[in-house]
Amino acid sequence: MKFLVIRFSSIGDIVLTTPVIRNLKTQIATAEIHYLTKRSFSSILTSNPYIDKLHFLEDDLDRTIEELKREDYDYVIDLHHNIRTLKVKKALNKKAFSFNKLNIEKWLYVNFKWNVMPDMHIVDRYMNTLKGFGVVNDEKGLDYFIPESEHVKEDDIPTTHLAGYVGLVIGGAHGTKKYPVHKWKEFCEEFEHPVMLLGGKEDQDQGEAISAMDRYKIYNACGKFSINESADLVRRAKLIVTNDTGLMHIAAAFGKPVISLWGNTVPEFGMYPYYGNKEIANSEFEIRKLSCRPCSKIGYARCPLGHFKCMELISAEAIAAKAGELLK
């Protein structure tokens, strides 16, 4: 039984599809799993033992479709559900199952603040696409597999942090999902444990501004490591404090305690840290009584109203206190 699973992007969304891959492979004896994604996210999936073959979305979608046609799939599991996946499904002309994006419910929440979202994590909505095959959620949480070649060497970690550190994920795809630099500085002033700043190259300068406070205690790893190496740094951390971003889900995959910070997005969208049936201590920080929140299901470069209260009002002192509590 040959399956094509589709999720084009992004890091966190792809990690959240891993229970679908695992449960299909382990519960259907004849399952052959192929996965279609963007080439830029290939490293997230190359070591996943439940995937038999990866395919990549090219600039020329028609060429990608011709490649997929030659595979002669039995079923398509569409976990992205957009115009391009519709074109792929139509061209392949195979039985397809698509997850419910709940766009109307999200639109109502963003525009009218009517929360009619189901109390269901997106992983369970992904898993609903497999009901017709008798596949159920094994509740083992998310998967993330790091190639041996991308495990971070101890020589690349400061000696001050080898005995343990707390990871601070300062990056994010959108400005309104990122805790402000001056608030991270306040956290670091309050928190005495060694911390490691995690993010991409685009976060390097902000990381430098924070780490300049105390280079002995604060190590800026932003932009210095690949996504898999950053995932390994998450795996090594005692605790992760994070914006709503991909490394948050990678932390959950490794069963790490997570303190998640929520700005313009809300946990009710169904993308909070997912552990399955593992009992992992974690905490969410958000300002709930704001008439402007959520202002988007994705995010903006900056606060549309200019005040950014959803992040500015989250107490760095309270986060530091919770981090200390979880470390104990």
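Is Ser230 buried or exposed? Ser230 counts as buried, because its relative accessibility is 6% and the cut-off for burial is under 20%. The model is predicted.

**Ser230 and its surroundings**
- Ser230 lies in helix α9, which spans residues 227-236.
- Setting aside residues up to four places away in sequence, Ser230 touches Phe225 and Leu247.

- In soluble globular proteins, nonpolar side chains tend to be buried together.
- The largest nonpolar core here has 55 residues, and Leu24, Ile77, Leu198 and Leu233 touch the most other members.
- Helix α10 (residues 246-253) gives the most to this core, contributing six residues.
- Beyond its neighbours within four places in sequence, Leu233 is in contact with Val152, Ile157, Tyr165, Met196, Leu198, Ala221 and Phe225.
- A second, separate core holds 30 residues, including Val181, Val195, Ile218 and Leu239.

**Packing of α7 and α12**
- The axes of helix α7 (residues 181-190) and helix α12 (residues 316-327) are 8 Å apart and meet at an angle of about 45 degrees.
- On the α7 side, the contact is made by Lys183, Glu186, Phe187 and Glu190; α12 supplies Ala316, Glu317, Ile319, Ala320 and Ala323.
- By type, the residues of the contact between α7 and α12 are five nonpolar and four charged, with no polar ones.

Key:
Residues numbered from 1 in each chain as written. Predicted model: local features only at pLDDT ≥ 70, side-chain atom pairs only at ≥ 80, totals over all residues. Heavy atoms only, no water. Axes fitted to C-alpha atoms, helices over the stretch in contact; angles between N-to-C directions. Helix = DSSP H or I, 4+ residues; strand = E, 2+ residues; numbered from the N terminus. Contact = heavy atoms within 4.5 Å. Nonpolar A, V, L, I, M, F, W, Y, C, P; charged D, E, K, R; others polar. Core = buried A, V, L, I, M, F, W, Y, C linked by side-chain atoms within 4.5 Å. Buried < 20%, exposed > 50% of the residue type's maximum accessible area, 1.4 Å probe, protein only.
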